[in-house]
Amino acid sequence: LVERERVVDVHALADEIADATLVHAVPALMRQLVQVERETPRLARLRRAFVGGDRVPADLLSEMRETFSGAETHVLYGPTEGTILASTHPVPADGIVQGHPIGRPLGNVRLYVCDALGSPQPAGVPGELLIGGAGVARGYLGRAATTAERFVPDPFSAEAGGRLYRTGDRARWRADGTLEFLGRVDFQVKVRGFRIELGEIEAVLRQHESVTDCVVVARADVPGDQRLVAYVAGSVEADELREHLRRSLPEYMVPAAFVVLEALPLTSNGKLDRNALPAPEGDAYARGSYEAPLGEVEAALAGIWAEVLGVDRVSRWDHFFELGGHSLLAIRLIERMRRVGLYMEVRALFTTPVLAELALAVGGASLEVEVPANAIPEGAASITPGMLPLVELSQPEIDRIVAGVPGGAANVQDIYPLAPLQEGILFHHLMSEEGDPYLTSSMTEFDTRASLEQHLAALQAVIDRHDVLRTAVAWEGLREPVQIVWRNAPLPAEEVQLDAAAGAAGQLWRLYGPREYRMDLTRAPLLRACIAEDRTRGRWLLLMLTHHLTGDHESLAVQRDEIAAHLMGRESELPAPLPFRNYVAQARLGVTREEHERFFRGMLQDVEEPTAPYGLLDVWGEGRGIGEASLSVAPDVSARLRRRARALGVSAASLCHLAWAQVLARVSGRSDVVFGTLLFGRMQGGEGAERVVGPLINTLPVRIG
């Protein structure tokens, strides 16, 4: 055994093990041994070099094969709970490996890649890696709950009491029967709506010649705002690393801060000590040298930036987005500015994101739309036109609306118009005679009915918090459609009896799919819960239907996070919700309908008709001849599409739009293409097939020259 003092001194360690024929080390220590061996060769007798215990970079394996040319190189994988080792992968003689292979299971070890329900995944599809066999531990001493969570019954074993260990590692089977390590389940983060594999960023960072080691983490040093921070060992400037990443990664994957260290902190056994990574200092988010803001506007902006971005100070040449800003923080920034009498358009921040330049675009006089207060008192016996400052309605119209609300006027919190996008959605809803193209659905599975009921109770609490989730729409007999916020809007839940002989989930999808089910928009909330028991698998299913009139991708993410907060008893930590009426007021009062029309008429003034190939689309008719197209994209094409979109920093939908524009251009013989933008998308199974369904016409045109 080697004394600890000689282990931490890699030169002394190399001297100590000079006669070794086999070395097994974690990647951080193995990299140091490789460097020392290159300087002064000592390990002439080495026959096998094993590396594992952490993600093994491909460049390290190549260096090991080159440095220890007379030895076999193997990647070893396995957690302590599986009695240290579970699989091994021999590195080829040329040292070239793709990704992070961990090979095949050792004897008496069984490895499974499963989805969240414990079903095995086919080759190429990611899932959680589970370990079975003789090496699985008994559990954690004195931690019964954690043991039950991580050590689960083995459904694939005929042995009574057989168990599997859930590693928390993501992996997939390759076509050749080897396993590939994809990272930790908990190391895949979601930042600003983007799902990010931190390992992808680390791999690009390691390609920089001055970086010896690195790790990227997501930190929430600013409450409610998670950002990427890169910790780098080496001698390099943050600006250089930022530009290096931008050449290969989309903007949302470039860390907001870079912390350069002499070496990454390690635990006593040589693994990365994430708990010892220091919090970035305030200027770690800034670029270049500091220069104090000039003038009152710059100083005021710098103070607001520092508050919103959570940094100590802001230089007059700092870049909003390079300091960690993004579109959601931009909205918060505009709101902070308005409070102190400063105004600018949001797009000015995107065109001039440097503080000194942005200050020139800021107006001192407030041009914001003042949102009139809601004048409907709680418990009102009646509602009059004077109580509705955002919409002009006659008393008969108001009475007609109130008559359609359960509980009458006392249950009406507010009435105001639709936002422009909502008007387009309502138009297409009414134009569709069957089903509902704006209906989104998601299915959740529960082990018990009690868990399902707890989830529904948490969802109801979220509905009670947000006015947009208690909103219905009325249009019959009115001069324009309006939305009505109910004070109390219980979530409708319908329990369905399913045929035990048929697939339960499939039956629910067929009953409540967008082609079959049509939601009543006059009844709040515009959500529906469909409950069914899957007796064959001993589980409960919850199919949630949400109408796009009151919900989108971002609001669904908010719902999910707030449901989790309620289930964990942390609802008191949630921020106060913003009324949707504020957004409607800005959209309706800030820019007139005439200004909207003038903008689009200017953009499309030379267009006589939309680009319609084959003469198939009767765009001037009532829409009866417009059908629905469905296309299933092969998994490999879907994966390539996503990778390309990530590289360009755009969404997969944007690439689909561009592809559609190319199709229209070729079949119509036109280089100037005009078409509607709406494509409903449903991503299925992560890297699996992608299904795009939707109408070909919408109220918002796209012009691509």
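The model is predicted, so local features need pLDDT of at least 70 and side-chain atom pairs count only at pLDDT 80 or more, while totals for chains, interfaces and linings use all residues. Residues are numbered from 1 along each chain as its sequence is written, and side-chain values use heavy atoms, with hydrogens and water left out.

**Helices α6 and α7**

- Helix α6 (residues 198-206) packs against helix α7 (residues 238-246) at an angle of about 115°, with the axes 10 Å apart.
- This angle makes α6 roughly perpendicular to α7 (a term for angles of 65 to 115 degrees).
- On the α6 side, I201, V204 and L205 make the contact, and on the α7 side L241, H244 and L245 do; contact means heavy atoms within 4.5 Å.
- The residues of this α6 and α7 contact comprise 5 nonpolar, 1 polar and no charged (Ala, Val, Leu, Ile, Met, Phe, Trp, Tyr, Cys and Pro count as nonpolar, Asp, Glu, Lys and Arg as charged, and the others, Gly among them, as polar).

**Helices α3 and α4**

- Helix α3 (residues 27-39) and helix α4 (residues 58-67) have axes 10 Å apart and pack at about 35°.
- Residues P27, M30, R31, V34, E37 and R38 of α3 meet D59, L60, E63, M64, E66 and T67 of α4.
- The contact of α3 with α4 has 5 nonpolar, 1 polar and 6 charged residues.

**Cysteines**

- The structure holds 0 disulfides (pairs of cysteine sulfur atoms within 2.5 Å).
- C530 is buried, at 2% relative accessible area (buried means under 20%, exposed over 50% and partly exposed in between, with a 1.4 Å probe and protein chains only).
- C656 is partly exposed, at 22% relative accessibility.

Key
Axes fitted to C-alpha atoms, helices over the stretch in contact; angles between N-to-C directions. Helix = DSSP H or I, 4+ residues; strand = E, 2+ residues; numbered from the N terminus. Parallel < 35°, antiparallel > 145°, perpendicular 65-115°, else oblique.
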